[in-house]
Amino acid sequence: MTERVAEILSWYDADCPGTRGNIFRLLMTGRLAGTGRLVILPVDQGFEHGPARSFARNPPAYDPLYHFELALQAGCNAYAAPLGFLEAGAARYAGRIPLILKLNNSDTLYKDKDPCSALTGSVEDALRLGCAAIGFTIYPGSSLRNAMYQQIRELAESAKRRGLVVVVWSYPRGSGLSKQGETAIDVVAYAAQIACQLGAHIVKVKPPTEHVEQEEARKVYAEQKIAIGTLADRVRHVVQSSFGGRRIVIFSGGEAKGSDDILNEIRGIHAGGGFGSIVGRNSFQRPLPEAVKLLHAIQDVYRG
Ligand code: FBP
């Protein structure tokens, strides 16, 4: 146990030993073990975006076992996926890497202006598969957000009682927001705060832009001179908005892009005090050796 991991665990002192043990596992696995930083591999895009959009660029990625192997070879802290992908490999890879079961998912075959994911797994499934955590997506900004908040309240209560960690993907989206507003700094900071208030141990958001969506927020950002000019400034503000930095906040990777662009973004997240990244398409859409190399380079940035 390092001092940093002990410090992070002290923020979760309301949790039972099982949950704290699983936070410890997440923080003590892979190439970033002990640093307090995390790089997680998420592979729910087959469900969220469809198989061809997700896997055709690197066909071995159609195979669920490929992702367990990638997460292991890349030294990730954890691997997150929906029920089907985890069931396909959890027994073979039992105990080798912490797993996060995504308990809700949505597809893009029906375009809802107000999205709400379906429950696609249970806390019992997570326990049966030996997972360290459950994952859940909320869409603040959707007219159906309150139903999602109520679902995660119940699931989080049950997961925490059974010693699991709760990871919330907080993705502002829906008719309450403009397209630009989905990644606006005020909205992303607000989405991170909502996830923390819902009891998330780990919050995942998209890297925010300089845009400020809400008129009322714009005045405060100007009056209080909240720095939002660089990605590092914005990440710092999101981390501060997550209980003054007392919650683990990680940032998602986004669509496939060049390694230099990704690494520049990671440098910004690191400089702003972000706890890490969850990188899906930018890893599994590359051939395995390239993906491992990129994930190692990302981890090296977080190692400072
Ligand atoms: P990526 O690195 O591929 O963006 O994965 C992170 C993630 O949160 C996935 O878990 C999820 O499927 C995806 O982003 C959602 O992306 P989008 O908002 O573009 O549908």
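A polar contact is taken here as a pair of N or O atoms within 3.5 Å, and within protein one of the two must be able to donate a hydrogen and the other to accept it, while residues adjacent in sequence count only if both atoms are side-chain atoms. The structure is a predicted model, in which local features need pLDDT of at least 70 and side-chain atom pairs count only at pLDDT 80 or more, whereas totals for chains, interfaces and linings use all residues. Residues are numbered from 1 along each chain as its sequence is written, and side-chain values use heavy atoms, with hydrogens and water left out.

The side chain of Trp 169 places an N or O atom 2.9 Å from an oxygen atom of the ligand, and a polar side-chain atom of Arg 173 lies 2.5 Å from a ligand oxygen atom. Gly 280 takes part through its backbone, where an N or O atom is 2.8 Å from an oxygen atom of the ligand. The protein buries 91% of the 460 Å² that the ligand exposes when taken alone, the areas coming from the Shrake-Rupley method with a 1.4 Å probe.

Around the ligand there are 16 residues, of which Asp 44, Tyr 171, Arg 173, Lys 204 and Lys 206 come nearest; a residue is counted as near if one of its heavy atoms lies within 4 Å. By class, this shell has 5 nonpolar, 5 polar and 6 charged residues, where Asp, Glu, Lys and Arg count as charged, Ala, Val, Leu, Ile, Met, Phe, Trp, Tyr, Cys and Pro as nonpolar, and the others, Gly among them, as polar.

Lys 225 is exposed, with a relative accessible area of 70%, on a scale where buried means under 20%, exposed over 50% and partly exposed in between (1.4 Å probe, protein chains only). For Phe 243, phi is near 60°, and this residue is found in the loop between H11 and strand S9 (248-252). Phe 243 is partly exposed, its relative accessible area being 29%.

Ser 259 lies in helix H12 (residues 259-271) and is partly exposed at 31%.

Terms used. Helix = DSSP H or I, 4+ residues; strand = E, 2+ residues; numbered from the N terminus.
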